[in-house]
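Open the model in your viewer and keep the sequence beside it. The tour goes stop by stop, with a selection at each.

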Amino acid sequence: HDDRRRILACDAASEVDWRAPRNAGLWALDTVNPNSWTTGKRQSLSRSAADIILLQETKQREVRTAQAKRQAERLGWRAHFGPALVTAAHGTSGGIAVVSRKGLGSAPHDIINEAYRHRIGGAWVGAVVKGGIHVFSVYLKDGQDMSETNAAILTQLAAAIASVRGPWVV
C-alpha cells in the first residue's frame, strides 16, 4: 500500500490543480506558456491551485485586455497584462500576464519600457512575505539562445528589477 500511495502522490503532483504545499503554509506559483489567452484561461486559470500564475505568449491585443481582465475576475483572479505586439502581417507576437488570486492585493508595474511590454510584465502582489513581492513574467525569443534581442529583453528586465524595493521572482 505504501508504494501505491507514493505512485498516487507522484501522479497527483503532475496535475496542475494539485497543491500539497498549501497544507504546509507554503505559497505556489505557476509559470505557463499557453500560446493564447483562451488556452491560458481555460487550462491554467480555471484549474490551477497556485496563488500566482505567470503567463507568456498570451497573444492578447491591447484592445482586448479589459475583456480578459473581466474573464480572469470571473474565475477568481486579478490579471495584469503586457499586451502582445501587433506584427506587420496583423498577427500578434508575445504578450504576457501576471495573475494573482483575488484578495491578495496586486498592482501592475509601469516600469517596463513600452517597447518590451509584450515580452516583460511585472506586478507587486501582497503575498508570500510581509510587504508583498514583485513578480515578473518574461518571454524570451524562442530558439535564439543569447541573441541581441534576448540580451536586450534581459537588460530591460534587470533594469526593472533594480528599480523595485523588496523581494522579487522571475
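This is a predicted model: local features need pLDDT of at least 70, side-chain atom pairs count only at pLDDT 80 or more; totals for chains, interfaces and linings use all residues.

Helices and strands here are DSSP runs, numbered from the N terminus: a helix needs at least four residues (H or I), a strand at least two (E). By that rule V32 lies in strand β1.

**Whole chain**

Show the protein chain as a cartoon. It has four helices and ten strands. Trace the chain along its sequence and the order is α-β-α-β-α-β-β-β-β-β-β-β-α-β. Of the 170 residues, 39% are buried. The chain exposes about 9,700 Å², and carbon and sulfur atoms supply 50% of that area. Now think about contacts between residues at least 6 apart in sequence: 55% of them join residues at least 24 apart.

**Confidence**

Colour by pLDDT. The mean for the protein chain is 85, and 86% of its residues reach 70 or more. Next, select residues 1-13. There the pLDDT is below 50, and the stretch has two contacts in the model beyond near neighbours in sequence. Read its placement with that value in view.

**Strand β1 and V32**

Select V32, in strand β1. Which residues does V32 touch, not counting those up to four places away in sequence? They are S44, I53, L54, L55 and Q56. Q43 is eleven residues from V32 along the chain, and their C-alpha atoms are separated by 9.8 Å.

**W27 and its patch**

Step back to W27, in the loop between α1 (2-13) and β1 (29-32). W27 is partly exposed, at 41% relative accessibility. Together with W27 they make a nonpolar surface patch of about 260 Å².

**The aromatic pair**

Select W37 and F81. The structure holds one aromatic pair. W37 and F81 form it, edge-to-face, with 5.0 Å centre to centre and 75° between the planes. Why edge-to-face? The planes of a pair count as such when they are over 60 degrees apart. The pair links distant parts of the chain: W37 sits in helix α2 (residues 37-45), F81 in strand β3 (residues 77-82), and they are 44 residues apart. Are these two residues buried or exposed? W37 is buried, with a relative accessible area of 3%. F81 is buried too, at 16%. Both fall under the 20% cut-off, so they count as buried.

**Two positive phi angles**

Select N35, in the loop between β1 and α2. N35 is not a glycine, yet its phi is positive, about 75°. N35 is partly exposed, with a relative accessible area of 40%.

Move on to K59, in the loop between β2 (52-56) and α3 (65-74). Phi of K59 is near 55°, again a positive value in a residue other than glycine. K59 counts as partly exposed, at 30% relative accessibility.

**Salt bridges**

Stay on K59 and show side chains. How many salt bridges does the structure hold? There are two. In one of them, the side chains of K59 and E57 meet at 3.8 Å, N to O.

Now select E73 and K102. They form a salt bridge, with the closest N and O atoms 3.7 Å apart. E73 lies in helix α3 and K102 in the loop between β6 and β7 (106-108), so the pair ties together parts that are 29 residues apart in sequence. E73 is partly exposed, with a relative accessible area of 35%. K102 is partly exposed as well, at 44%.

**Last stop: R101**

Select R101, in strand β6 (residues 96-101). R101 counts as partly exposed, at 23% relative accessibility. Show what surrounds it. Leaving aside neighbours within four places in sequence, R101 is in contact with S48, A49, A50, D51, G76 and W77. Pick D51 from that list. D51 and R101 are 50 residues apart along the chain, while their C-alpha atoms are separated by 5.5 Å.

Key:
Residues are numbered from 1 along each chain as its sequence is written. Side-chain values use heavy atoms; hydrogens and water are left out. Rings of Phe, Tyr and Trp (its six-membered ring) pair if their centres lie within 6.5 Å; planes under 30 degrees apart count as stacked, over 60 as edge-to-face and the rest as tilted. Buried means under 20% relative accessible area, exposed over 50%, partly exposed in between (1.4 Å probe, protein chains only). pLDDT is the predictor's confidence in each residue, from 0 to 100. Contact means heavy atoms within 4.5 Å. Patches are made of residues with over 30% relative accessible area and no salt bridge: like charges are joined within 9 Å, nonpolar side chains (Val, Leu, Ile, Met, Phe, Trp, Tyr) within 5 Å. Accessible areas come from the Shrake-Rupley method with a 1.4 Å probe; for residues, only the protein chains shown count as cover. A salt bridge is a side-chain nitrogen of Lys or Arg within 4 Å of a carboxyl oxygen of Asp or Glu.
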